[in-house]
Amino acid sequence: MSEQDKIDEEARKTLIELNAQPQADAAAVPPSPSAEEESEAEDPVVGEYEENLKTYRDDNVKDTVDEHSYTADDIQVLEGLEAVRRRPGMYIGTTSSRGLHHLVYEIVDNSVDEALAGHCSQIEVTVHKDNSVTVTDNGRGIPVGINHKTGRSALEVVFTILHAGGKFGGGGYKVSGGLHGVGASVVNALSVRLQVRVKSEGRIYEMEFSRGKITEPLKEVGVCPENESGTQVTFLPDPEIFQETRVFDYDILKQRLREMAFLTKSLRITLRDERVDEGEEPVERTFHYDGGIKEFVAYLNRSKTPVYDEIMYFEGTKNNVYVEVAMQHNDSYNESEFSFVNNINTPEGGMHIVGFHNALTKTFNDYARKNKLIKDNETNLTGDDIREGLTAIISIKIEDPQFEGQTKQKLGNIEARGATDSVVTEQLTYYLEQHPVIAKTILDKSLLAQRAREAARKARELTRRKSALDGLSLPGKLADCSDKDPKNCEIFLVEGDSAGGSAKTARSRATQAILPLRGKILNVEKAREDRIYGNEEIKAMITAFGTGIHDDFDISRLRYDKIIVMTDADVDGAHIDTLMLTFLYRFMPDLIRQGHVYLAMPPLYKLEKNKKVWYAYSDEELASILEEVGRDQNNHIQRYKGLGEMDPEQLWDTTMNPETRILKRVNMNEEAASEIDLTFTTLMGDKVEPRREFIEENAKYVQNLDI
Ligand code: TTJ
């Protein structure tokens, strides 16, 4: 504490000095382009700018410890942030919606680090009306003291030097890797305006930036109670960079922030959205879980049926790796495993997952043999058998994570394997001995899985052999298109034979294929593999798509660019959509990830008046059409109950014609992988009346897939 006092006292003194002679400081700075000069034409200005810097560097490069003049470091800073602006994709992946949201996580990560270090209990994230975002925490506050070597405050360094994480010798773990942890400076470089406010030791400090450059130096702006401290950052993403969208999506932020709260036990994270109508209260959600990842597992299993009540929880540190695991089996046949390294999702797994799987397989087999649940002449359970229906969170914290693989989402650190293996083996062995009933429940389930797996293998071999004999014949019910270039082709998966018939008549034969599906398709969440492979509708889809599934999946063999689910616009239709998306998500998630999956949007109403026809795709739209044409006796309104009620021509006009139809593309929120969240984007044909735009404009399909 006294050490901290000294640092801060020094900081304050330096600040006073700094503020006393801002002009002098400014004069020492090389002629840097002002905000106006910078404007649009980037390259010539940058060129000029670099010239100035070069001259400057030649003159000053030897003055290393002159506190208040710029040094070679400045050049690096400016060049660094310029590089971020020139190639933002290198730092945040994309400048689309995903990159935009990434800015928020990047800032919040710093506060989470402070929480991990044990100094912050609360984080607030507010989206303002202008789509600027404020992140506030009650941590110690970014240090404002001036470092003698660099002549800068830590605060300035954090926001202007690339890769400077939130680590200043204090405890806690540096969060870096993947796209995360690139730091606040990247957010700063990509914001038109960024304001920082620090409360510490009874004083309030502020500093401001624009596009990475200081616009207001660090200064003391007021006082606050001695016992308050924290950091607040407000930023407005730069329209020059984020050209596609600058609108934050509440649900996307909500899911990731909820995940962060689960991963950081007891941390309270509030999300507030001020973009509400005049006079309305902001929308607000707070996430706070004292049970941490144990509550995370309970949340993931909320709509499932656990096969035992308790959630297992193991925790420990080995080889400087902190390991935390929570898990519980449910009566489904799928594995839902989510892993995190320093709170970053690792969908491709890596060493920690290898260790976790090893530990599970070995420990359960050992226990089963010891307790004669597997006899001497019987084979071991496989990892898949044991993990059938398992929901698990594996969260580790490691000092210097190495991310590998194509998307840098796979942990490479060898020590993570041993650490996870030994923490889980030790504690699970003990747990099973203490809970023989739970152990037997899990092993009985695993033994059933083992038998089903054998049966599935036989069924699969049978289908493989059959298709080999038939020469990979397409399903009989499929009305295929004639164009052989998949890029031009689409397939409609149509609910019911009668609608399928209309669709076959209506379609454009060259490019549109129709596959009618009878009734509700199998819920793959509730069926074991052997039943899934025996299901005719599912087999028909798999062969029609051409890609294969699971490990055999190969997107280059996809026979259609668009896979369009077309169901009635009613509750049953919505349920079939859900079942279809569940199947696609579980068996061919890349089809969704790469944007090949769509939902057709049939109209709800047809309105005829004086020989003119309107279609309405929602109740609101019907109301607005009526508003326009007048509510009187000449209106003939037909409510469509299903696709079957439309004749082929109507079906073509309203739902299938690429020129006029509305399709919703299905996406996933990749940043919050634990939320199987499928988001729809509305796509329209060229000639669609502008009025339709408001339908489902921010359409959300955040639905639990386990209905
Ligand atoms: C580092 O060690 C000394 C005391 O302060 C620690 C620190 O920097 N804590 C800290 C940083 N808390 N919160 C932040 C932070 C918060 C936001 C919203 C944004 C950034 C870049 C940092």
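In which sense do strand 13 and strand 14 pair, parallel or antiparallel? I looked this up and found that strand 13 and strand 14 (residues 344–345) pair in the antiparallel sense over two bridges; strands are DSSP runs of E, at least two residues, and helices are runs of H or I, at least four, numbered from the N terminus. Two strands pair if DSSP finds at least two bridges between them.

**Basis.** I note that this is a predicted model, in which local features need pLDDT of at least 70 and side-chain atom pairs count only at pLDDT 80 or more, while totals for chains, interfaces and linings use all residues. Residues are numbered from 1 along each chain as its sequence is written, and side-chain values use heavy atoms, with hydrogens and water left out.

**Strand 13.** I followed the hairpin that strand 13 and strand 14 form, with two residues between them. In its turn, N342 has a positive phi of about 50°. V341 stands opposite I344 in strand 14. I then turned to strand 15 (residues 390–397), which pairs with strand 13 in the parallel sense over six bridges. There, S395 is the bridge partner of F340. Strand 13 (residues 336–341) is largely enclosed by the rest of the structure, because five of its six residues are buried (under 20% relative accessible area; exposed is over 50%, partly exposed in between; 1.4 Å probe, protein chains only).

**Ligand.** I counted 16 residues around the ligand, with N110, S111, E114, D137 and G141 the closest (a heavy atom within 4 Å). The shell holds nine nonpolar, four polar and three charged residues (Ala, Val, Leu, Ile, Met, Phe, Trp, Tyr, Cys and Pro count as nonpolar, Asp, Glu, Lys and Arg as charged, the others, Gly among them, as polar). Helix 7 gives the most, four residues. I checked nitrogen atoms of the ligand: a polar side-chain atom of D137 lies 2.6 Å from one, and a polar side-chain atom of E114 lies 3.0 Å from one. The protein covers 95% of the 500 Å² of accessible area that the ligand has on its own (Shrake-Rupley method, 1.4 Å probe).

**Salt bridges.** I searched the whole structure and found 38 salt bridges (a side-chain nitrogen of Lys or Arg within 4 Å of a carboxyl oxygen of Asp or Glu). In one, K213 and E82 have their closest N and O atoms 3.5 Å apart. K213 lies in strand 7 and E82 in helix 5, so the pair ties together parts 131 residues apart in sequence. Both K213 and E82 are buried. I also found R85 and E240 in a salt bridge at 3.0 Å, N to O. R85 is buried at 6% relative accessible area, whereas E240, at 30%, is partly exposed.

Technical notes. A polar contact is a pair of N or O atoms within 3.5 Å; within protein, one must be able to donate a hydrogen and the other to accept it, and residues adjacent in sequence count only if both atoms are side-chain atoms.
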